[in-house]
Amino acid sequence: MTTEELLHWTDDVVFTKTGKRLDSVQTAILEGAWQRLKYEEIARTCHRSKSHVKNIASELWQTISDVLGEDINKMNVRSILERKALSNIYNNNGSQIVGYINSHINICSEKRQDAEDTKERSPFPPDSPQNQSPIIDLTDAPELTSFYDRTSELSTLKQWILQAHTRLITVYGLSGIGKSAIALKLIEQIQTEFDYIIWLSLTNTPTLLSLQTELKQFFGRSPQPPLPTIIDYFRSSRCLVILDDVQNIFSSSQLAGQYLTGYEDYGKFFKQIATSSHQSCLILLSWEKPREITALEALNRPARTLHLKGLGEQAAEIIREKGLADEEKWSDLIAFYQGHPSWLNIIAATIWELFDGSVSLFLADGTDLFLGDLEPLLESHLERLSDSEKKAFYWLASQDDAVDISHAPADSELSRSQLWQAIQSLARRGLVQKMLVGGRSQFQINPVFKEYIQSK
Ligand SMILES: Nc1ncnc2c1ncn2[C@@H]1O[C@H](COP(=O)(O)OP(=O)(O)OP(=O)(O)O)[C@@H](O)[C@H]1O
Ligand SMILES: [Mg+2]
């Protein structure tokens, strides 16, 4: 949403609950917070003292928190309001809030371009509700705080969904790499192409039956008569379903993407989504790639996988947002921590705690990679590995360079086929990367994990 639309929306919501409109200082505070201005800068724009602006702001955050029932502060205000505005579309189904969202889609030039790019996706009959407002439920979605870049990943996903009509997409990658964030951004950009959008988290490992019941209840909110199966809804309407935290239905201590006992029917469900004819899309967000996806892709079925990696140089925006010093050293910091947004956020906090924000001092020694608070995150990936993966991982960590695995290495405890299978599985978790050296594939372990294993 644009700032103006969000302001209107917030003003209306506050007015409905309190009977009072936002005044000019409150409006300036909201706008300033969204542009990540300091209170001092906001105070200058509205010609008030900093302490006055801080007092008004703290009352404002309290008012909006009471109105929306969530803890609002300067850092999270925009993302929470945007999320609330979007999910209210679902609750209000056709209220004026929808107008704000739709006008946003039409206003932004980037979004106009999206609409033009997606003209191909119009195989719907003239009476299809294509231009109506989608029914959206993002209740299960996490909050989207700041978001930078991902331009090329977003355009790949849009191309797959809107032009190639891909029915099953898996976005996999390490914890905190930004899978949920990119999916939320994607919804913002393509929502008018769908009739229904719902986000469901598998954190509490729902059975397939209870997931399908929840989906049917959501689709059943429309005035149309209820349909017997999810695929029927997927055929009759354009549904976008995002399943988050999918790794929770996979087993630990086994190769990647193997279902927990009692959850194997998810695999059949995913396969059915990919192979049946319909006009909808299911997106899986996971730490690991489900096994059947590789087979479906190999058979040229409409299933695609995106391995989400770090942010690259754009991660500098995260460092800027954290207010760290020594900009000339930021690219080193980004390279060490692979542009991984969560890792950089955590390390930025450490740099403040230990070096008052000085990146140069943090990197002064330049030898060992500091892990600190990253260790529990790294461990949560390692504890999911099977025995053969652990052996292969430790063996890779002991190698100085990337290795060619075409011949069984003499110093590995695994046979050639065990090693291949383990490395394939580690790659499906994004823990091992393949590179071409002199035209030959070589494998190496993620350097941050290598440091972790060597330090243990
Ligand atoms: N593109 C981005 N720009 C800025 N910050 C980002 C971006 N992507 C992610 N982040 C930051 O990283 C944090 C983690 O992102 P997110 O929750 O999307 O990761 P995830 O891959 O879904 O992790 P998990 O698998 O643990 O759910 C976010 O809270 C956000 O602060
Ligand atoms: Mg997530």
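A: The chain has 21 helices and eight strands. These are DSSP runs, H or I of at least four residues for helices and E of at least two for strands, numbered from the N terminus. This is a predicted model, in which local features need pLDDT of at least 70, side-chain atom pairs count only at pLDDT 80 or more, and totals for chains, interfaces and linings use all residues. Residues are numbered from 1 along each chain as its sequence is written, while chains are lettered from A and ligands numbered from 1 in the order in which they are written.

The part to look at is α16, residues 341-355. Its 15 residues should span 21 Å at 1.5 Å a residue, and the end C-alpha atoms are 20 Å apart, which agrees. The expected span is 1.5 Å times one less than the number of residues.

Next, its buried face. Pro341, Trp343, Leu344, Ile347, Ala348 and Ile351 are buried in α16. Buried means that 20 or more other C-beta atoms lie within 10 Å of the residue's own; 12 or fewer is exposed, in between is partly exposed, and C-beta atoms are placed from the backbone. An α-helix has 3.6 residues a turn, so residues three or four places apart point the same way.

What does that side meet? The buried residues of α16 pack against α14 (316-322) and α17 (359-363). Contact means C-beta atoms within 7 Å, again placed from the backbone. After α16 comes Asp356, with a positive phi near 50°.

Now the cores. A nonpolar core joins buried Ala, Val, Leu, Ile, Met, Phe, Trp, Tyr and Cys residues through C-beta atoms within 7 Å. In the largest one, of 55 residues, Ala183 and Ile283 touch the most other members. Helix α9 (residues 179-190) gives that core seven residues, the most. A second, separate core of 33 residues includes Trp343 and Leu344, along with Ala315 and Ile445.

Last, the ligand. Of the 21 residues around ligand 1, Pro341 is among those that come nearest, with Gly178, Lys179, Ser180 and Ala181. Near means a C-beta atom, placed from the backbone, within 6 Å. Both α9 and α16 supply at least two residues each to this shell.

Key. Contact = placed C-beta atoms within 7 Å.
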